[in-house]
Amino acid sequence: MKGLMLFLCLVWGFNFVVMKLGNDAFPPVLFAAYRFLLGFVVLLGLTFLKKTPMPGKGQLKWYIICGLLQTTYFNIAIQISLNYISAGLTSVLTYSMPLFLSILAHYFIPGEKLTINKTVGISIGILGLFLAMDIHLGANIWAPILALSSAVTWALSSLIFKKKLQGCDNVQFTTWQMGAGAVGLLLYSICFEDGKSDWSLMAVMYLLYSGVLASALAFVIWSYVLSKTEASKASISLLIVPVVGTLSGFLFLNEDLSVITILGIALVLMGIWLVNYTGISSNILNKYLHATNKKEKY
């Protein structure tokens, strides 16, 4: 499971570089629409190969809601925010999602209560993200709020999945939520965006990476991990994504990497370790106490 999460974070982290390059070839929301439409087509083909049945009416409504939250609104909020605040600040606010999901899970998912250790780990991780991105707020206060709202809608979508869609086929869920979200993005782009697409071999490569690897495959992995792991632990691991994005920007786009950024990365990794290590130690302690109780009975 940890290997899958690491792969997911690497793919999504490097996708920041790919999206930035892709936005030079396409209007931003249109690029996102193409990306998720491609992912939808790939996954739809996979469902046919697997002979996955069509979702029932009870599931389909939740798939559409998740698609509008997790794909349509999420990406529109990010793209608009990027026009007014830095990419670093946008990614930090977007990946504050673990904080919101952990709070929601505390109230709505039995067995996923916030502990002191989880809260400290998440707080350290969020603090590390702010340092890693070396943030400076601008005058457009509504833009950071809009970017932050993308984290809230992502958390809501993940909560819906945990509450309403446990046991559903992960490929089926990812396919139909992505299709619904892509339609929403395309409609937004048609109504509100200007600009032309500059098709080339590299533009196609950007779409293939973002659409097939970072959308179709990555979201199937995310749904699978979320179905098998506590929401707080799965989401805190995603804090690696903007760290990978920062390092990728440094390596491939010649973006600055300051001492304060390195300090922030260290804090992010510390936060992730704290949340996961305390969970492991608690399991070991519970097993030890259970074994001790059994011995006392005999």
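What share of the contacts in the chain with a separation of 6 or more comes from residues 24 or more positions apart? The figure is 90%, where contact means heavy atoms within 4.5 Å.

Some housekeeping before you click. This is a predicted model, in which local features need pLDDT of at least 70 and side-chain atom pairs count only at pLDDT 80 or more, while totals for chains, interfaces and linings use all residues. Residues are numbered from 1 along each chain as its sequence is written, and side-chain values use heavy atoms, with hydrogens and water left out.

**The whole chain**

Colour by secondary structure and you get twelve helices and zero strands. Helices (H or I, at least four residues) and strands (E, at least two) are DSSP runs, numbered from the N terminus. Of the 298 residues, 51% count as buried; buried means under 20% relative accessible area, exposed over 50%, and partly exposed in between (1.4 Å probe, protein chains only). Accessible areas come from the Shrake-Rupley method with a 1.4 Å probe, and for residues only the protein chains shown count as cover.

**Into the core**

Now select Leu8, Trp12, Met97, Leu129, Trp154, Trp222 and Leu238: these have the most contacts inside the largest nonpolar core, which has 71 residues. The largest share of this core, 13 residues, comes from H9. A nonpolar core here is a set of buried Ala, Val, Leu, Ile, Met, Phe, Trp, Tyr and Cys residues joined through side-chain atoms within 4.5 Å. Apart from the 71-residue core lies another one, of five residues, among them Ile85, Leu93, Ala143 and Ala147.

Zoom in on Leu129. Not counting residues up to four places away in sequence, leucine 129 touches Val92, Tyr95, Leu239, Pro242, Val243 and Val268.

**Aromatic rings**

Show the Phe, Tyr and Trp side chains. How many aromatic pairs does the count come to? It comes to 18, using rings of Phe, Tyr and Trp (its six-membered ring) whose centres lie within 6.5 Å; planes under 30 degrees apart count as stacked, over 60 as edge-to-face and the rest as tilted. One to pick out is tyrosine 95 with tryptophan 154, an edge-to-face pair at 5.4 Å centre to centre and 85° between the planes. Tyrosine 95 lies in the loop between helix H4 (87–94) and helix H5 (97–108) and tryptophan 154 in helix H7, so the pair ties together parts 59 residues apart in sequence. Tyrosine 95 is buried, with a relative accessible area of 6%, and tryptophan 154 is buried as well, at 3%.

**Arginine 35**

Next, select Arg35 in helix H2. Is arginine 35 buried or exposed? At 5% relative accessibility, arginine 35 counts as buried. Leaving aside neighbours within four places in sequence, its contacts include Trp12, Asn15, Asn75, Ser210, Gly211 and Phe219.

**The salt bridge**

A search of the whole structure finds one salt bridge, meaning a side-chain nitrogen of Lys or Arg within 4 Å of a carboxyl oxygen of Asp or Glu. Select aspartate 169 and lysine 50, whose side chains meet in a salt bridge at 3.6 Å, N to O. Aspartate 169 is in the loop between H7 and helix H8 (170–192) and lysine 50 in helix H2, so the pair ties together parts 119 residues apart in sequence. Both ends are partly exposed: aspartate 169 at 28% relative accessibility and lysine 50 at 42%.

Step along to lysine 51, in the loop between helix H2 (28–50) and helix H3 (57–82). Lysine 51 is exposed, with a relative accessible area of 73%. Check its backbone too: phi is near 60°, a positive value in a residue other than glycine. Most residues other than glycine have a negative phi.

**Last stop: the surface**

Finally, select Val42, Trp199, Leu201, Met202, Val204, Met205, Leu208 and Val212, which make a nonpolar surface patch of about 730 Å². Patches are made of residues with over 30% relative accessible area and no salt bridge: like charges are joined within 9 Å, nonpolar side chains (Val, Leu, Ile, Met, Phe, Trp, Tyr) within 5 Å. Helix H9 (residues 201–228) gives the largest share of the patch, six residues.
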